[in-house]
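Please open the model in your viewer and keep a selection tool at hand.

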Amino acid sequence: MYLSIPEVFYCKVRYVRQDKLDINYSLFVRENGYKNIKIGAVLPCEKVVRWNKVKAAMEKEARIKGINIRVEFCNWDINKEIEIIKGFILENIDVLVLTSIKLKNGNEVLNEVHKAGIKIIAMDAFIYDSPVDLFVGFNMLKAGQLQGSFLTKKVPEGRYIILEGSPNGEMFKIGAMEYIRPLVYTGKIQVVADEEVQNWLPENAYEIVKKVLFKDKNIDAILAPVDKIAGGAIEALMEENLQGKVIVTGQDAEPEAIKRIMEGTQAMTLLNDFVKLGQITIDLSINLIEGKSINYDYMINNGKVDVISVLIDPILIDKENVFNKINELEEQ
């Protein structure tokens, strides 16, 4: 015990990651919290790392704030997506968070959701021709631009394979082609294949690239929108001993992609903070229900209504900064 208050007081502080602590978050929910808010969320696929991260982040943030939430996967089945949404309507949810696999030409079930007075948040995939209240996601155009800019700097002249994720991968491609197409017009770049990768599956990317290489092994660059697709493409390259000789892009900063960057078989990836996406989505849900103002980046017309849009920019990772970003990945 001190007889007088010292001018300087030293004590040891140890920082511990929050998810390592065994804390009952319900103890910290304010008494007048959001216990009456119900959120239903539908995500595309439980086999993809990014969606499991989003699910975990949403559930954790909802638990902290005392919100009822149920997250379901449709696994790329539009009929399953519709079935889940109709079930949510019967449960009288307040907010539907949806990463839909049907983005265009209207989604009739969303009209039913709107008529039921349920707020609709499109997450990570912009939905057209439907009564959507808000879009939150990563800046897909910016992601494509980063990939296209990176490729054209590394390979300003050469033969390209363009891979587009399907469904819903158009925006990545549009952004990338802003940089690639001008060099195609000048003859510096030749696109030898431009293919859709169904359901974003690596085995489908593998088959596309394998078929191209069977005809012509003279390939300089592959535009792969995400790491799963990059992995399939690189597997095909490895069979021809071309790994590391062809510049391949990616996105999601998956552990295998980070490893490939360190090994030199994948040139870059993009870090999207999926934990932040999940957390922000819960906060935006609360603001919608309470009628609070929302700071947004753009107002985008989807063909039916003007949708306020909140965007998160991705971060480029390559061999120059990969080690500095590993700690950030571990914190997610």
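Begin by selecting Asp-129, which lies in the loop between β4 and β5; helices (H or I, at least four residues) and strands (E, at least two) are DSSP runs, numbered from the N terminus. This is a predicted model, in which local features need pLDDT of at least 70 and side-chain atom pairs count only at pLDDT 80 or more, while totals for chains, interfaces and linings use all residues. Residues are numbered from 1 along each chain as its sequence is written, and side-chain values use heavy atoms, with hydrogens and water left out.

Asp-129 has a phi near 60°, a positive value in a residue other than glycine. Its relative accessibility is 30%, and Asp-129 therefore counts as partly exposed (buried means under 20% relative accessible area, exposed over 50%, partly exposed in between, with a 1.4 Å probe and protein chains only).

Next, select strand β4, residues 119-123, of which four of five are buried. Two strands pair if DSSP finds at least two bridges between them. Within β4, Ile-120 is the bridge partner of Leu-96. Then display strand β5 (residues 134-138), which runs parallel to β4 and is joined to β4 by three bridges. Here Met-123 stands opposite Val-136 of β5.

Move to Pro-167, in the loop between β6 (158-166) and α5 (170-185). The peptide bond from Ser-166 to Pro-167 is cis, with omega near 5°.

Finally, select Ala-253, in the loop between β9 (247-248) and α8 (255-263). Phi of Ala-253 is near 50°, again positive in a residue other than glycine. Ala-253 is buried, with a relative accessible area of 2%.
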